[in-house]
Amino acid sequence: MKDTFLSARLVEKDLIRLSVFSMHQYEKFEAKLIIDDVEEVKLASSKFVSTPNCLVFDYRLDKPLALGHNYTIALVGRAVIPLDLTEVTTFEGFEEEYFYNGDDLGASYTKPETKFAIWAPVASSVTLRFRKRTSSRWHYRPMDRSAKGVYRVTIKGDMEYAEYQYVVVNSGVMRVATDPYAKASSPNGESSVVLDMARFNDIPTHEESLPKLDRYVDAIIYEGNVRDLTISPRTDIENKGTFKALYQEGAKTKGGNPAGFDYIKSLGITHLQLLPIFDFKTVDELHPGLKYNWGYDPQQYMVPEGSYASDVLDPECRIRECKEMVSKYHEAGIRIVMDVVFNHVYDYVNSSFEKIVPNYYFRKKANSKLSNCSGCGNDLATEKPMVRKLILDSCKWWIDMYRVDGFRFDLMGLIDIDTLNSIKDYARSVKKDFMLYGEGWNMDNETKAPLGKMENAKLLKDFAFFNDLFREYNKAYLTQDYYHNGGYKYALMGSSLTYSGIKSKWEDASQSINYIECHDNGTFFDYIGKELGDVILYNRLQICTLGLLSILISNGVPFIHAGQEVGISKYGKDNTYNAGDNYNQFPYELVDERFDMVERFKWMVNARKTLPLFKESNAESFKDKLEFDDYERCVILDFINPVSYPEYSKVELIVNPTFNDIVKVYEKPVTLLVGAGGDVSSANILMERVMINKCSCLILGIK
């Protein structure tokens, strides 16, 4: 009846609560619990509550209700309704009883047979639905429930390239889901695919070509996007917008300069951080030019993104080309960092997580509303053991299969510390120089578990954090807001020492990711225009270069956004995650127009590598070796008794953000070590009258 609503829910292990909402007069009824459509148990109300238009009946059972069965409630003479079991995931003891730590979830392929396993403890039944590559007909095989709520089935015969899905029944509701542990996929994640992963063992890792990396501060990270770095029509890159395009050798810009792989390799960076490369939702993989997205809308955590494959119809292609991409950069001496999004998925309602185990994977408020601290509507409950296992297993897969060299955690402040440290422990057991860093913003949360925010840096000593104070103080001081010169000095020390009334963020500068712009901020070039108005292009670009230099001379880990080296603009937009190629593609036309800026960036990178002054990390080791001063609105930083330059009593760094050339006179000659043209220390240039050009930096040796 349209004015009467019935609901039955298991609210304790042995307690069923029936709610009757009706605008009509109540009539007494008999209630029965029906098990698997066979067994009937008469229910006797243990408690009754009446409010206007609402009746609530509690039925206490003789024993806890066992999961893995289909339960319905028959209201004799009225209706039969499903018993809602979704609250069982919140019951005390659920995690201990159903936590499964095996390594066989997903599809385990051999030529004679393929084994399938899925964790679905609340489900009353799970059926494997599959079709082989040569057939359009779906086949169905019931799966057997085993310990810990894992359903299993073995299919005989060669199943390689077969598509498969799971038909899961929870609380009487049937839903079709893909495999959360899938390693391969059909286009747009419609089906999971069985593949023999051993077929990719022929791809070399080339990890022997990677230079030694002892400390985070030895890294120079360059952030880019697979599509953005290769989509420009101003290059001869083939297969544009794909993994394959990103490792194509010999590509050129229209001006004849290196493009793509050769360009990135020429910069001298140590790490290429790629925006999400695992499967995301809102780009149509069959028509990738129709809709743009960076990929912070994850769909499958263990499958590479299909729109980045040269042939998305071949499920092998995206895997092979992604692995070949990592291999090629390794061969060039460059490590690959994955931007991973473990704080949310694109659409929780239609995610395989919610379809398979309702009410488990996502954080909720006390009123049952979904927690939305990520701003994306569906915060993952990373602190739950089986969510943690899924995340850890995904990370293991990318390390073991693709041999990636680091993870950048999106909104790391929403991921619990135990999960982060479990990832660290495994990653470091495989690669001692594996990098781990992320956005440690302090966001609201619906969990008591300690999270990966900057305030917990002492609990995450092997993790680095994006330093927003570094970003803001640099942007302010370098655009002539001289009030913040104290903050700029604080930033130069990687925020690892208290200075100018600003408290240190961490004890070691290796935890500071020093950046001025990244993918989801407006560019520094655009910021300069907003702050300084109609400043001439030459001065604007000089400030951009000074910003790069500030990053590379600071204690901490330098982080560069692709295109920052040539003054990239996004035409005033801040967050261009779905704005398309016109806003996001790498500006190869600027590489041709401003190649002198590229060359300057290269020498800055080389200076960072060769001058150990800028790679101190432990605050205790350098706090007594630094002295700051001001001169005509310039910031002066003196390194006292530098070990790397024993012939000098101090090495002096002078930063001039003004639009004026400034002269500083010394009592006795000083040696120019680094000037506008780079490292000139071998030239033994002596001077008493030193000119610091506008929007520039000098490094001097003083005896």
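Reply: Let's start with the lining of the largest pocket: α6 gives the largest share of it, 5 residues. A pocket here is an open set of points on a 1 Å grid over the protein atoms alone, where a 1.4 Å probe fits, with protein on both sides within 12 Å along at least five of seven lines; lining residues have an atom within 4 Å of a point. This is a predicted model, where local features need pLDDT of at least 70 and side-chain atom pairs count only at pLDDT 80 or more, while totals for chains, interfaces and linings use all residues. Residues are numbered from 1 along each chain as its sequence is written, and side-chain values use heavy atoms, with hydrogens and water left out.

The pocket's volume is about 510 Å³ (the space filled by probe spheres set on the points, which are joined across faces, edges and corners). It has 23 lining residues, and the closest to its centre are Asp-103, Leu-105, Ala-107, Lys-183 and Trp-397. Besides α6, β9 (106-109) also supplies at least two lining residues.

Now for the helix itself. Helices are DSSP runs of H or I, at least four residues, and strands are runs of E, at least two, numbered from the N terminus. Because 15 of its 18 residues are buried, α6 is largely enclosed by the rest of the structure; buried means under 20% relative accessible area, with a 1.4 Å probe and protein chains only.

Note on methods: Buried < 20%, exposed > 50% of the residue type's maximum accessible area, 1.4 Å probe, protein only.
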